[in-house]
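This briefing concerns aromatic ring pairs in a predicted model. Please view the sequence and the structure below before reading on.

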Amino acid sequence: MGTWVTFGGQISDEVAEQLMTIAYENGVNLFDTAEVYAAGRAEIILGNIIKKKCWRRSSLVITTKLYWGGK
């Protein structure tokens, strides 16, 4: 599941959590993000949701891209 455009930009954090929960509960374990998505907010939201849900990190595959343009 990708976080581009939506997380930290077009949807609320609550909707992002709902979407991730639905995905995870239905077998999705790969979540993609990048340091430039929503100026870094997408990564933060993704991490906060994982922490809040107490999902084991070992049960997830997290991919990211580095633009080298972040702060």
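Residues are numbered from 1 along each chain as its sequence is written, and side-chain values use heavy atoms, with hydrogens and water left out.

**Aromatic pairs**
- Three aromatic pairs are found in a search of the whole structure; rings of Phe, Tyr and Trp (its six-membered ring) pair if their centres lie within 6.5 Å, and planes under 30 degrees apart count as stacked, over 60 as edge-to-face and the rest as tilted.

**Trp 4 and Tyr 37**
- The ring centres of Trp 4 and Tyr 37 are 6.4 Å apart and the planes stand at 55°, so this pair is tilted.
- Trp 4 lies in the segment before helix H1 (13–25) and Tyr 37 in the loop between strand E1 (30–32) and helix H2 (41–53), 33 residues apart; helices (H or I, at least four residues) and strands (E, at least two) are DSSP runs, numbered from the N terminus.
- Trp 4 is exposed at 58% relative accessible area, whereas Tyr 37 is buried at 14%; buried means under 20%, exposed over 50% and partly exposed in between (1.4 Å probe, protein chains only).

**Phe 31 and Trp 55**
- With ring centres 6.5 Å apart and planes at 15°, Phe 31 and Trp 55 form a stacked pair.
- Phe 31 belongs to strand E1, and Trp 55 to the loop between H2 and strand E2 (61–63), 24 residues apart.
- Phe 31 is buried at 0% relative accessibility, and Trp 55 is buried at 13%.

**Cluster**
- Tyr 24, Phe 31 and Trp 55 are linked into a cluster by ring pairs.

Key
Predicted model: local features only at pLDDT ≥ 70, side-chain atom pairs only at ≥ 80, totals over all residues.
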